[in-house]
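Colleague: I would like to go through the pockets of this model with you. Please put it up first.

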Amino acid sequence: MGDPVLHAPADAVDTITDEIRTLVADMFETMDAAPGVGLAAPQVGVGLRIYTYAYIDEDDAPWRGVIINPELWMVPLDPGAPDEDEESEGCLSFPGERFPLRRSNRVRVTGIDLDGAPVAIDVDGWRARIMQHEFDHLDGIIYVDRLDDRDWKTAQKIAKKRGWGRPGNQWMPGVDHLED
Ligand code: ZN
């Protein structure tokens, strides 16, 4: 979370090159190894507007993909306090922690896939949360930036204690084991 690439808006992808295809393959591998439900290019040090996502729940087939140059629309947030059990969120760039965060329950994301074909995704619930979380990364926003004051302060203390303010800090999913 100390790395500047995580706190700056990412650039649009102009052309889908072999380099981009390799990056996306690496992102899927990293996301699965973590394991995570989403991964944005800035989280692997690349300031481009790309994210991968993957989510499975009990009833449905696996849902996974990549979206390039996304745009996001959401229905307004429901008012009310976050439910800490139902709505806690985590991030591979702030590993080992979760905090409650209210998100819109329904979103539409449009963009292109790796072949440059248009994609439109209409989702709700956890899938909508994943879309909002990953989209935020492309605008230089980490979910802890959106926490209420009390949780934000707690998160800052944790980050300070673990030395996460330094640029260049990283961990390797599947190799490094994080302590809680
Ligand atoms: Zn994240």
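Colleague: How much space lies in the largest pocket?

Modeller: This is a predicted model, in which local features need pLDDT of at least 70, side-chain atom pairs count only at pLDDT 80 or more, and totals for chains, interfaces and linings use all residues. Residues are numbered from 1 along each chain as its sequence is written, and side-chain values use heavy atoms, without hydrogens and water. A pocket is an open set of points on a 1 Å grid over the protein atoms alone, where a 1.4 Å probe fits, with protein on both sides within 12 Å along at least five of seven lines; lining residues have an atom within 4 Å of a point. With points joined across faces, edges and corners, and volume taken as the space filled by probe spheres set on them, the largest pocket holds about 650 Å³.

Colleague: Which residues lie nearest the centre of the largest pocket?

Modeller: Its lining has 25 residues. Those nearest the centre are Gln 43, Leu 92, Asn 169, Gln 170 and Trp 171.

Colleague: What is the volume of the second largest pocket?

Modeller: The second largest pocket is lined by 23 residues, and Leu 92 is among those nearest its centre, as are Gly 90 and Arg 98. Its volume is about 380 Å³.
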